[in-house]
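Take a look at the model below. Keep the sequence at hand as you read.

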Amino acid sequence: MANTKYSRVILKLSGEAIAGENGFGINPKVITEMVKEVKDVHDLGVEIAIVVGGGNIWRGSIGEEMGMERAQADYMGMLATIMNALALQDVLENHGVPTRVQTSVEMRQIAEPYIRRRAIRHLEKGRVVIFAGGTGNPYFTTDTTAALRAAEINAEVILMAKNNVDGVYDSDPRLNESAQKFEELTHLDVISKGLKVMDATASSLSMDNDIPLVVFNLNVPGNIRRVILGENIGTTVKGHE
């Protein structure tokens, strides 16, 4: 293994990132570039698990507009994450990276059910593991899934790969030109300041299990590798003071 800062990581990808500029669906060029970045890190010998969102296919706000029950809308969102996971798996394997998809919602014909010890074994054997279907329960986000799975598989860090945002700011930098970027925060800072890094449940879970986050811009080529090698980019959210 190269001289990397982390040896086992959770990479959190949003559905919107997979959509690229289209804003909806799966952008073939974007997902291919994303996979090349993951392969680059995988080739360093790093164990990588991925949690992917589903906002490029289904958003709960659409269900809300339809008057849909929240739990029903959330289950549809889980299915969207599984579609994204299968697409990622296919592109990764086309690039020579062995990959397994594990789902919280059981569907044995297309993916393994989530089994913690099996997931760890896959990682130890050099396979990328994609956790799909969220936590398997409504009312929880894929951010919470990332925090939960990170704790379960003993990941050293959660890499929050953001779409065209290079860290955590005190307000939305796309709306406020004078927004201030934080270099370093604690999970308690994130919760007390109401910063939109991840939802409160995910932040609390990360804090309780002392799991750091690195929030960075996915759209800059080589950024995942830079984080893995220990370069100080984006914003680091530490588990404690």
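What follows is a short walk through two annotated sets of residues.

This is a predicted model, so local features need pLDDT of at least 70, side-chain atom pairs count only at pLDDT 80 or more, and totals for chains, interfaces and linings use all residues. Residues are numbered from 1 along each chain as its sequence is written, and side-chain values use heavy atoms, without hydrogens and water.

Start with one "binding site" annotation from an unreviewed UniProt entry, which includes Gly54, Asp74, Thr135 and Pro138. Such annotations use the numbering given here, have shortened names, and may be inferred rather than shown by experiment.

Asp74 sits in helix α4, residues 70-94. Helices (H or I, at least four residues) and strands (E, at least two) are DSSP runs, numbered from the N terminus. Asp74 is buried, because its relative accessible area is 15%. Buried means under 20%, exposed over 50%, and partly exposed in between (1.4 Å probe, protein chains only). Beyond its neighbours within four places in sequence, Asp74 contacts Pro138 and Tyr139. Contact means heavy atoms within 4.5 Å.

Thr135 lies in the loop between β5 (128-132) and α6 (142-153). Thr135 is buried too, at 14% relative accessibility.

Is Arg59 buried or partly exposed? Arg59 is partly exposed, because its relative accessibility is 39%. Tyr169, in strand β7 (residues 168-169), is buried at 18%.
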